[in-house]
Amino acid sequence: MATIKNPLIELLDISYDTFNMMHRWLGRLSILQAVAHTLCWTIAKVQQKGWEGVNQSLHGQLIYSGLAATLGFVIIFFQAPKVVRSWAYEVFLYGHIFLVLVSFGFLWLHLKEFPQLGFLIATIAVWATMRAWRFATLAYRTWGGRGRCQATVEALPGDAMRVTLTTPRPWKYRSGQSMYLTIPSIGLFTAHPFSIAWSDADHGLSRSKTVKRSNTKVWSDDEKRPIVRGREPEEMEKATYSLVIKARTGMTGKLYDRVARNDGPDPGKMTFNACIEGPYGGDRSMASYGTVMLFASGVGITHQIPYIKQLLEGYNDGTVAARRVTLVWAVTSTDCLEWIRPWMHEILGIENRRDVLKIILYITRAGLTQPIKSPSETVKMVRGRPDVQSLMEAEAREKVGALGVSVCSGGGLADEVRRAARILLSRSVNVDLIEEGFGW
Ligand SMILES: Cc1cc2nc3c(=O)[nH]c(=O)nc-3n(C[C@H](O)[C@H](O)[C@H](O)COP(=O)(O)OP(=O)(O)OC[C@H]3O[C@@H](n4cnc5c(N)ncnc54)[C@H](O)[C@@H]3O)c2cc1C
């Protein structure tokens, strides 16, 4: 029921993360109710007829099916915690679906004579429809008249990959969108969610194809490079969607090993048939904030990069309120800058960028002998970790309009941003916090 296509997400106007949390807590409550229901029946039965009475009742379909359904729910409770999901997500997911189907089978038998069966049938119908709808979305984006979806994967320093996707049915891209990616030759039954870090399918500003890319290691301040506006419909057909994927231990690790070990004519680069499903998300706009702070650690930058582009374009077009945009990105080493180098060059080339955008890069594991040099006044590189509270307090003092803060990071940085936002709120600063955690 926690599928991303659940219509309740839109009806309640909540994020998928919040919906997922509701799913987990409603699930726990249902299990508690099932256990309480079973215990109450057992206590009453033992009091009336002793354990012999319980034993006899178990021969009837109503009671054995109810007990089996409760047992199934209890197993789900122990199979679903975060520790299992992190250990092996697919084991959790397919195990969860299997256990729910078996438990619902027994529940059906248990409710056969009761009007509540209608609720169960409605639940199963909603689930099956959403699954079918997800598969239809995948088929629509993956196969079409102009061929099938392809993923070109390039191994990058810092155990990451840049994935460029082409689809027979492109869509108009919005900041904050994500999608599911399956690469059948790496893992047929594994669909993984990733943020779309960049796309040329947004009808916005787009860099002229005649412009040469710089090969400098760190980003250069190249505001003078030409920019073209809008995209022709035939260009839209060739639109690409790019991801940056950090190699972990499952499918992403396997993909990275395969690509990094490729020593064919194009070393460190391979093209695969892929299946994509989406796009999802992209409903949180930062356009109404006069001051925007975007925090990211590591690969969390994929969520923030499109917002920077959108806000700068909007500033030039006069369609957003943003007057001050600050990106704070914490990475372990300067290698990580390579992940987004081509896109950052485009951003640094957008007109009037210096008036609005400030970038602060924190290199958390820089060696003492490694030189850390800021490319310019508006693009700074600093050794160590960000002092989030000081940064946010400074921005709150100088802010124009409301302050919108977005963080995409695991653990530490997200906690610090949340704490600093609370402190600002307690001082009556007009601040909104948006969090993306890259996990559920
Ligand atoms: C909305 C969203 C956007 C994301 N964007 C990016 C991105 O731009 N770049 C990036 O590198 N990562 C991103 N992630 C995280 C990415 O989905 C996981 O790192 C990836 O699925 C790990 O795959 P694996 O098999 O190598 O995982 P494992 O090494 O097996 O597990 C690593 C972690 O990923 C989680 N995970 C594994 N499979 C899934 C799955 N199918 N769905 C959800 N979580 C899963 C596990 O619970 C575990 O915590 C995003 C996640 C979400 C939810």
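# A chat about helices, salt bridges and a nonpolar patch

Me: Hi! Which residues does UniProt list for "transmembrane region"?
Reply: The unreviewed UniProt entry lists residues 25–44, 64–84 and 91–111 under that name. UniProt positions are given in the numbering used here, feature names are shortened, and annotations may be inferred rather than shown by experiment.

Me: Thanks. What kind of model is this?
Reply: This is a predicted model, where local features need pLDDT of at least 70 and side-chain atom pairs count only at pLDDT 80 or more, while totals for chains, interfaces and linings use all residues. Residues are numbered from 1 along each chain as its sequence is written, and side-chain values use heavy atoms, with hydrogens and water left out.

Me: How many helices and strands are there in the protein?
Reply: The protein has 13 helices and 18 strands. Both are DSSP runs numbered from the N terminus: helices are H or I with at least four residues, strands are E with at least two.

Me: And what box do the C-alpha atoms fill?
Reply: Roughly 85 × 55 × 45 Å, taken along the principal axes.

Me: How much of the protein counts as buried?
Reply: Of its 440 residues, 45% count as buried. Buried means under 20% relative accessible area, exposed means over 50%, and partly exposed is in between (1.4 Å probe, protein chains only).

Me: Back to residues 25–44. What is the chain like there?
Reply: That span is 100% helix and 0% strand, with its end C-alpha atoms 29 Å apart. Residues 91–111 are also 100% helix and 0% strand, and there the end C-alpha atoms lie 30 Å apart.

Me: Where does C40 lie, and is it buried or exposed?
Reply: C40 lies in helix α2. It counts as exposed because its relative accessible area is 52%. From C40 to T137 it is 97 residues in sequence and 45 Å in space, C-alpha to C-alpha.

Me: Which residues form the nonpolar patch on the surface?
Reply: L8, L11, L12, M22, L26, L29 and L32, with about 690 Å² of accessible area together. The elements giving two or more residues to this patch are α1 (7–12) and α2 (16–57). The largest share, 4 residues, comes from α2.

Me: How are patches made?
Reply: They take residues with over 30% relative accessible area and no salt bridge; nonpolar side chains (Val, Leu, Ile, Met, Phe, Trp, Tyr) are joined within 5 Å, and like charges within 9 Å. Accessible areas come from the Shrake-Rupley method with a 1.4 Å probe, and for residues only the protein chains shown count as cover.

Me: Why does L12 count as partly exposed?
Reply: Because its relative accessibility is 42%. L12 lies in helix α1.

Me: New topic: how many salt bridges does the structure hold?
Reply: It holds 10. A salt bridge is a side-chain nitrogen of Lys or Arg within 4 Å of a carboxyl oxygen of Asp or Glu.

Me: Which residue does R324 meet in a salt bridge?
Reply: R324 meets E395, at 2.8 Å from N to O. This pair links distant parts of the chain, 71 residues apart: R324 is in strand β14 (residues 324–331) and E395 in helix α12 (residues 388–398). R324 is partly exposed at 23% relative accessibility, whereas E395 is buried at 3%. R324, K358 and E395 are linked in a network of salt bridges.

Me: How many residues does α13 have?
Reply: Helix α13 (residues 412–426) has 15 residues and reaches 21 Å from first C-alpha to last, close to the 21 Å expected at 1.5 Å a residue. The expected span is 1.5 Å times one less than the number of residues.

Me: Which residues of α13 are buried?
Reply: L413, A414, V417, A420, A421 and L424. They sit on the same side of α13 because they cover an arc of only 130 degrees around the axis, taken from the directions from the helix axis to the C-beta atoms. The face turned away from that buried side carries the exposed residues R422 and S426.
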